[in-house]
Amino acid sequence: MILDDGHVELAEGTIVDGRLRIVEDLARGSMSSVYLARELDTGRDVVIKILGGKYATRADARPRLLAEAQYTAALAGKPGIVRVLSTGALADEGDAPYLVLEYVDGPTLTGHVAGQTPDVAHVLT
């Protein structure tokens, strides 16, 4: 379902592109919604980042998201960078573009740094 603010909302159990089952709504920001999902064929947990909000209707939205996927894929294997597994578009939700990303279990970045002064040397390694 597309919300009034342009974000896509998917219910737990929704099947995406016949291959991913939505497990949990993780976050919603100004430009995307993020869900934990499970691959139906492998059982692997992944993250789906769906472009939404005011950015979803911009003509350059899909090319920018694909560029993000390419830039991130070019950094594969670097510490602190999740892998991009695939891309797609939600046909039932106005062709909203999405990325499927590696799922890393643990605290959010916000939770990790809350109340801390970051150690620049640690952050850059």
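Mentor: Start with burial. Buried means under 20% relative accessible area, exposed means over 50%, and partly exposed lies in between. Keep in mind that this is a predicted model.

Trainee: Which residues of α1 are buried?

Mentor: A61, L65, A67, A69 and T72 are the buried residues of α1. They pack against β4 (45-51), β5 (84-90) and β6 (96-102). Across the protein chain, buried residues make up 27% of the 125 residues.

Trainee: How do you know that the span of helix α1 agrees with its 14 residues?

Mentor: Helix α1 covers residues 61-74. The expected span is 1.5 Å times one less than the number of residues. That should give 20 Å, and the end C-alpha atoms are 20 Å apart, so the two agree.

Trainee: Why do β4 and β6 count as paired?

Mentor: Pairing needs at least two bridges between the strands. β4 and β6 have 5 bridges, in the antiparallel sense, so they qualify. I48 stands opposite V100 in β6.

Trainee: Now V23. Why is V23 called partly exposed?

Mentor: Its relative accessible area is 23%. Buried would need under 20%, exposed over 50%, so V23 falls in between. V23 is found in strand β2 (residues 20-28).

Trainee: What does V23 touch, leaving out residues up to four places away in sequence?

Mentor: V23 touches E12, L36, A37 and R38. Take L36: it is 13 residues from V23 in sequence, and the C-alpha atoms are 5.4 Å apart.

Trainee: Why is the R28 and D25 pair called a salt bridge?

Mentor: The rule asks for a side-chain nitrogen of Lys or Arg within 4 Å of a carboxyl oxygen of Asp or Glu. R28 and D25 come to 3.6 Å, N to O, so the pair passes. R28 is partly exposed at 34%, and D25 is partly exposed at 38%.

Trainee: How many salt bridges does this rule give?

Mentor: The count comes to 6. Another one of them joins E39 and R44, with the closest N and O atoms 2.9 Å apart.

Trainee: Are E39 and R44 buried or partly exposed?

Mentor: E39 has a relative accessible area of 10%, under the 20% limit, so E39 is buried. R44 has 36%, so R44 is partly exposed.

Trainee: What makes E102 and R83 a salt bridge?

Mentor: Their closest N and O atoms are 3.9 Å apart, within 4 Å, so the pair counts. E102 lies in strand β6 and R83 in the loop between α1 and β5, so the pair ties together parts that are 19 residues apart in sequence. E102 is partly exposed at 24%, and R83 is partly exposed at 40%.

Methods:
Residues are numbered from 1 along each chain as its sequence is written. This is a predicted model: local features need pLDDT of at least 70, side-chain atom pairs count only at pLDDT 80 or more; totals for chains, interfaces and linings use all residues. Side-chain values use heavy atoms; hydrogens and water are left out. Helices (H or I, at least four residues) and strands (E, at least two) are DSSP runs, numbered from the N terminus. Buried means under 20% relative accessible area, exposed over 50%, partly exposed in between (1.4 Å probe, protein chains only). Contact means heavy atoms within 4.5 Å.
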